[in-house]
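Subject: Structure handover

Hi,

Here is the structure I promised to pass on. Have a look at it first, and then read on for what turned up.

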Amino acid sequence: MSYQNIIAEARGAVGWIQLNRPEALNALSNALVSEVGQAIEQFQADDNIGAMVITGNAKAFAAGADIKDMEGQEFIDLFLADFPYNRRDGWDSLNTARKPIIAAVAGFALGGGCEMAMACDFILAADTAKFGQPEINIGTMPGAGGTQRLTKAIGKAKAMEMCLTGRMMDAEEAERAGLVSRIIPADQLEEEALKVAGKIAKLSRPTVYMIKEAVNVAFETSLQEGLRFERRAFASTFATADQKEGMKAFVEKRKPEFKNR
Ligand code: HXC
């Protein structure tokens with residue numbers, strides 16, 4: 001498929017999605033968000049792909065929703081359209097993809113850009129990454145998960161300060177606060193993101209799906225419910241051929257060959 005605002009390509013078993021509006025710091029226009037969604041659906045449907053990466057360029061992952069698109073909008077437009085979820089092809093695909101999606105962030109991840117990174121399964125940050133919810137500075141507020149996912153990720157004090165003041169966090173603070181899983185030197189971000197996604201892509205797909213679901217349940221339910229879900233999911237992995245193969249290979253001191261069954 002050919003896209004105008006992103007580059008999407010299979011790199012081995014990894015679906016690589018690069019936001020590509022450098023002249024606007026990858027601002028999330030409606031067209032760009034739609035294309036991200038189409039690429040996610042394309043990779044989700046492709047059996048050869050086991051994980052995805054969303055990335056930007058050295059200066060920006062994405063500097064937010066496109067302010068020039070939003071400027072003339074009225075309450076009633078956004079409310080009736082349920083913005084930004086009118087881009088069902090975009091945000092919905094990101095929020096519901098079953099294959100893991102890693103955000104590889106260098107430079108600015110602001111507003112909707114920070115929200116898009118947080119909607120991914122985890123964030124690998126270049127040492128140049130800067131995260132923020134600066135909507136307050138233009139008289140609005142986060143609208144795609146910023147007040148919710150950021151608060152769950154880094155706690156109330158930091159999230160409240162960031163959303164109320166627009167202050168940005170650098171990569172080190174983001175790692176300390178638990179927003180990102182790791183910091184990587186900027187010139188190695190692409191290689192490392194490919195390596196991590198490639199590793200996941202080689203593992204048992206049904207088990208990968210179950211783990212992703214189980215970790216996400218921790219965000220949405222009580223500890224008791226979550227533990228119950230995890231126990232049931234754990235037991236169900238024993239219905240897969242991959243569990244048999246994984247454990248047999250361990251006992252036989254060889255590498256497993258997973259069949260995604
Ligand atoms: C549209 C944007 C943009 C944005 C940058 N640009 N961010 N266009 N929407 N969010 C454009 C600029 O207009 C400029 O285009 C070009 O990108 C380069 O940006 P500069 O500002 O010249 O770069 P710099 O001086 O390096 O400053 C970088 C920056 C700044 C600090 C990131 O661009 C900035 O503050 N951007 C806005 C960040 C923001 O407020 N994000 C939240 C948006 S609201 P021209 O044509 O002038 O050269 C939001 C709501 C989410 O995200 C709701 C749910 C989805």
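How many salt bridges does the rule find across the interface of domain 1 and domain 2? The count there is 2. Bear in mind that this is a predicted model, so every value below is computed from predicted coordinates.

**The two domains**

Some background on that interface. Domain 1 runs over residues 6-202, and domain 2 covers 205-252. Their centres, taken over C-alpha atoms, are 27 Å apart. On the domain 1 side 13 residues make contact, and they meet 7 residues of domain 2. Together the two domains bury about 830 Å² between them, with carbon and sulfur atoms giving 46% of that area. Three residues stand out: Arg98, Asp121 and Lys152 supply 52% of what domain 1 buries against domain 2, more than any other three residues.

As for polar contacts, 8 residue pairs are counted between domain 1 and domain 2, with both residues at pLDDT 80 or more. Sorted by class, the side of domain 1 that touches domain 2 has 6 nonpolar, 5 charged and 2 polar residues.

**Salt bridges**

A quick reminder before the list: side chains of opposite charge can pair when their charged atoms come close. Over the whole structure the search gives 13 salt bridges.

One of them joins Glu213 and Arg98, with 3.4 Å from N to O. Glu213 sits in helix 10 (residues 205-220), while Arg98 belongs to the loop between helix 4 (88-96) and strand 5 (101-105), so this pair ties together parts that lie 115 residues apart in sequence.

With Lys248, Glu252 forms a salt bridge whose closest N and O atoms are 3.3 Å apart. With Arg254, the closest N and O atoms of the salt bridge are 2.8 Å apart. Glu252 has a relative accessibility of 42% and so counts as partly exposed. Lys248 counts as partly exposed too, at 47%, and so does Arg254, at 33%.

There is also a network of salt bridges, which links Lys158, Glu161, Arg167 and Glu173.

**A look at Ala65**

Where does Ala65 lie? Ala65 is in the loop between strand 4 (60-62) and helix 2 (67-70). Its relative accessible area is 22%, so Ala65 is classed as partly exposed, given that buried means under 20%. Leaving out residues up to four places away in sequence, Ala65 touches Ala27, Leu28, Met70 and Gly112. Ala65 and Gly113 are 48 residues apart in sequence, yet in space they are 7.0 Å apart, C-alpha to C-alpha.

That's what I have for now.

Cheers

Notes:
Residues are numbered from 1 along each chain as its sequence is written. This is a predicted model: local features need pLDDT of at least 70, side-chain atom pairs count only at pLDDT 80 or more; totals for chains, interfaces and linings use all residues. Side-chain values use heavy atoms; hydrogens and water are left out. Domain bounds come from an automatic or database domain assignment. Contact means heavy atoms within 4.5 Å. Buried area is the accessible area (1.4 Å probe) that two parts lose on being put together, summed over both. A salt bridge is a side-chain nitrogen of Lys or Arg within 4 Å of a carboxyl oxygen of Asp or Glu. A polar contact is a pair of N or O atoms within 3.5 Å; within protein, one must be able to donate a hydrogen and the other to accept it, and residues adjacent in sequence count only if both atoms are side-chain atoms. Ala, Val, Leu, Ile, Met, Phe, Trp, Tyr, Cys and Pro count as nonpolar, Asp, Glu, Lys and Arg as charged, and the others, Gly among them, as polar. Helices (H or I, at least four residues) and strands (E, at least two) are DSSP runs, numbered from the N terminus. Buried means under 20% relative accessible area, exposed over 50%, partly exposed in between (1.4 Å probe, protein chains only).
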